[in-house]
Amino acid sequence: MNRQTLDEFKQRIPLLEYMQAHNWRPVRQLRAGRWMGLCPLHEDRRPSLLVDAARNLFYCYGCGRGGDVIRFVELQQHVRFPEAVKLLRQWRGTALPCEEAAGFYHQQLAHHSVAVDYLQQRGIQSPEVIGHMRIGYASGDGLCRWLMQAGHVFATLRAAGLIAADGRDAYSHRITFPLEGNLYGRSIAGSAAPHRFLPGSKGGLYKWKQVCECSEVILVEGLFDFAVLRQAGFCNVTCSLGSHLNARQFQELTDRPRTVYLTFDADTNGSGQRASHLLAQRLRTQGIIARHVQLPDGHDPNSLFVHGADARQFRSLLEAAPL
Ligand SMILES: [Zn+2]
């Protein structure tokens, strides 16, 4: 593992989460993200271990030891560095290769003009948005070799659904978006199925932690819709990855009183509108104010912006949205 891969690896393993999964309990909070508790590395009677969750570091005022998450595992499990890395990989299971694959595809994006052109066509140019969403490109080649060089074994990559049985990338000619524990791939080649996910749940609402405090939330179906709205300056947007919400997404959306602007596709066959009305009824039973944003026929938020709409025009659609 080179320096950069190692740094990325460490960033993806939250020390506090690892410690809590190994029965460490913080005793008191110093300030946001900094915790004190009993040190598991020596016989500790009063809390002398500081865990800095934001910096992903620990330090013990009792035994004087400290460091990063790998150092913690070395000390706690009495193992050397390579073994500690292996233990952390096992602990993270298939989530880690998924995140690393997303990182690989994100790095690849700039090297493939076919992908950059496609994003342009879909109205996405902002480096800030591409970085924020970690948008990537799966050319169909190179992931397996790269992940195995980073220390993963073939069976884990197969189990994660990232690699086909013949060793090729499962995602090929797709724009990729990392989700929580999954990876969405949008095909840019005409013949393949447009949408692809890894086996397992699509997870909760997209970037929900960043909008859950908002009293007004814009809900869209697709990540390209999310991207153009974010690019236009709307920060209170989330995405359900399809017009059907799973139980977790519904629970998130209704966890406190708020207004939801349902901005599903105005499909010519009316399926988006039907899904929107059914969802609005369910939301209202939970005390949520649901408003239907009326897009011009045949449009979704993405195509609207691609056809020249701007933030002001979209804002007036929000204001006009009937209950
Ligand atoms: Zn200690």
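1. In this model Leu219 stands opposite Leu262 in strand S12, where strands are DSSP E runs of at least two residues and helices are H or I runs of at least four, both numbered from the N terminus. Five bridges join S10 to S12 (residues 259-263), and the two run parallel; strands are taken to pair if DSSP finds at least two bridges between them.

2. On the basis of the work: this is a predicted model, in which local features need pLDDT of at least 70 and side-chain atom pairs count only at pLDDT 80 or more, while totals for chains, interfaces and linings use all residues. Residues are numbered from 1 along each chain as its sequence is written.

3. Strand S10 also pairs with strand S11 (residues 237-239), through three bridges and again in the parallel sense, and here Ile218 stands opposite Val237. Between S10 and S11 the chain passes through helix H11 (residues 223-231), and this β-α-β crossover is right-handed, meaning that, with the strands pointing away from the viewer, the path from the first strand over the helix to the second runs clockwise. Because four of the five residues of S10 (residues 216-220) are buried, this strand is largely enclosed by the rest of the structure; a residue is called buried if 20 or more other C-beta atoms, placed from the backbone, lie within 10 Å of its own, exposed if 12 or fewer do, and partly exposed in between.

4. The chain is divided into domain 1 (3-92), domain 2 (95-196) and domain 3 (208-320), with bounds that come from an automatic or database domain assignment. The C-alpha centres of domain 1 and domain 3 lie 40 Å apart.

5. The largest nonpolar core has 58 residues, of which Ala101 and Leu162 touch the most other members; such a core is a set of buried Ala, Val, Leu, Ile, Met, Phe, Trp, Tyr and Cys residues joined through C-beta atoms within 7 Å. This core draws at least three residues from each of domain 2 and domain 3. Apart from it lies another core, of 15 residues, among them Ile13, Trp24, Leu49 and Val85.

6. Leaving aside neighbours within four places in sequence, Leu162 is in contact with Pro97, Cys98, Ala101, Leu143, Leu157 and Ala170, contact being defined by C-beta atoms, placed from the backbone, that lie within 7 Å. Ala170, for its part, is placed in the loop between helix H9 (154-160) and S7, and counts as buried because 22 other C-beta atoms lie within 10 Å.

7. A separate point concerns the open sheet of four strands in the order S6-S7-S8-S9, in which the pairing is antiparallel. Its edge strands are S6 (136-138) and S9 (195-196), each of which pairs on one side only. S7 (residues 174-179) and S8 (residues 182-187) are joined by six bridges, with Pro178 opposite Leu183 in S8. Helix H5 (residues 95-109) packs on the sheet, touching S6, S7 and S8, and its direction makes about 95° with that of S6; the axes are lines fitted to C-alpha atoms, for helices over the stretch in contact, and angles run from 0 to 180 degrees between N-to-C directions.

8. Finally, Asp265 is found in the loop between S12 and helix H13 (271-284), and is buried because it has 22 C-beta neighbours inside 10 Å. Not counting residues up to four places away in sequence, Asp265 touches Glu221, Gly272 and Asp300. Asp265 and His307 are 42 residues apart in sequence and, C-alpha to C-alpha, 15 Å apart in space.

Technical notes
Two residues are in contact if their C-beta atoms, placed from the backbone, lie within 7 Å.
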